Amino acid sequence: MKFLNVGCQLSEDRCSKLLYLIFVPQKNPMKLKTHTISKFLFLFCTLLFVAETTAQKGPFDLRKPKGSEDVMIGPFSGTFTMGTVDDPYGVKDAPRKEVTIKNFLIDESEVSNKEYRRFVKYVRDSIARTKLARLAEDLGLTSEDEGIGRYAFLPLDTAKVADKYYYENYLLFSDDIYAGRKLNWDVDLEWEPERYPDIYYAEVMDSLFLEKWETYNGKRMLDVKHLKYKYTWFDAKAASKNPKQNPIDFVREEVVSVYPDTLAWMKDFEYSLNEQMFTEYFWHEQYDDFPIVGVNWEQAKAYCDFKTHAINENYEKLGKPAVPAYRLPTEAEWEFAARNGDSDLIYPWEGEDLIHKNNGYKANFKPDNGYDADGEVYAAKVKDPKYFHPGSSKLYHIAGNVAEWTASTYNPDSYEFTSPLNPNYVDPENPKKTIRGGSWKDIAYFIRVSTRDYEHKDSARAYIGFRTVRDYVPPKLDN
């Protein structure tokens, strides 16, 4: 089954989140000027383009899992003392506090470039298929016709009670003539001009590319600037304070640009030779298994929403029950997992020694004797055995490699007033979001399990990535 449209999701009571894409038209064409050359360098790495409307299929194939997708460790739960005993820098933003954490699972490793690319490629294909289907509809073509007709919307199955009810009560009165239509994902897309089936197909595909005069080298390039992902979530906390209001009043909409900021390598290290990292790190296959970076807090959350839908659609195909939503870990969950519940750990391993008996470092960070002293100059692969700690957390790179976004808002005093039960401080008005774990560029202080740091939610850095968590359910239901 493809992703259902908004109305079908509601009528079949499958989930409360609504997954679709929107198109934001480009009002003014970009003009080629000398001082904008960096923008065109960004386009050199472009793989994706404009987003337009409803996405309806998830690309995860769980029957043949590869890499680190959906490999989770846990469950973690219990009571422990978070915070630091002896802060060498006297920051005093992590006083000791006993808290209790409910059952959750956490990714064994950080989200990789390969995993995140599935997200953006899925959006890319959704855009193309939607534009093709809309033109086919305008031409009066169906999936039985040749050429662009093969990409027409699938017919609505009004023989099904749910579809019939939705059509008669919602679609007939919708201002969107394409509302509720399902895309045909069974027909492959053609990207090479010489293989376009007809002139209508060519018209659509060419609209997805920049004009040659807009590129820095005159070559054919796809546009990424307007790639958007739109999803909704229910603000239960706000609803709990206003129980008499209609639930729809608390549905929040998020619109997120999903393409990572590949220029982060240049902006974060202005006087450093990082051109190769900029041009190759995200898209080149040699970096497939390296952690995604250059994504801000909003992009990480959008990926979690996408992953929830994609994973559960495939579980449905396999006849398995749906799993709880994927999300970013709270600050307390992240620390519990890093400690494996041990309140006395300084690092995610026993003792204060940073070096193995074989003289290799236990984490990818910046030792006192240089960036490469630990064997890496930048980030390492998300599952590098050199940095696996089986004696404690069993999580790759929970210390070092890339710092990780959490769901929590940073406040230096939040430990003083948050609940001891599943603590999580959230302030929508505060742009500072907590990051944990330290990175390949950080000194040892930042890879401590208790050290807190933050970044603004709209910032994308070459040393910040993320991993996902989800609530744990009993073994008979959990996959």
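## A quick tour of the fold

Of the 479 residues in the protein chain, 53% count as buried. Keep in mind that this is a predicted model. The chain as a whole exposes about 22700 Å², and carbon and sulfur atoms supply 51% of that area.

On the secondary structure side, you'll find 11 helices and 10 strands in the chain. Contacts reach across the sequence, too: take those with a separation of 6 or more, and 74% of them come from residues 24 or more positions apart.

Three strands make up an open sheet in the order β2-β3-β10, and the pairing is antiparallel. Its edge strands are β2 and β10, each of which pairs on one side only. From one strand to the next, the twist averages 40°. Helix α10 packs on this sheet and touches β2, β3 and β10. The direction of α10 makes about 100° with that of β2.

Here is where to look for these pieces in the chain:

| Element | Residues |
|---|---|
| Strand β2 | residues 72-82 |
| Strand β3 | residues 97-107 |
| Strand β10 | residues 469-471 |
| Helix α10 | residues 331-339 |

Notes
Residues are numbered from 1 along each chain as its sequence is written. This is a predicted model: local features need pLDDT of at least 70, side-chain atom pairs count only at pLDDT 80 or more; totals for chains, interfaces and linings use all residues. Side-chain values use heavy atoms; hydrogens and water are left out. Helices (H or I, at least four residues) and strands (E, at least two) are DSSP runs, numbered from the N terminus. Buried means under 20% relative accessible area, exposed over 50%, partly exposed in between (1.4 Å probe, protein chains only). Contact means heavy atoms within 4.5 Å. Accessible areas come from the Shrake-Rupley method with a 1.4 Å probe; for residues, only the protein chains shown count as cover. Two strands pair if DSSP finds at least two bridges between them. Axes are lines fitted to C-alpha atoms, for helices over the stretch in contact, and angles run from 0 to 180 degrees between N-to-C directions.
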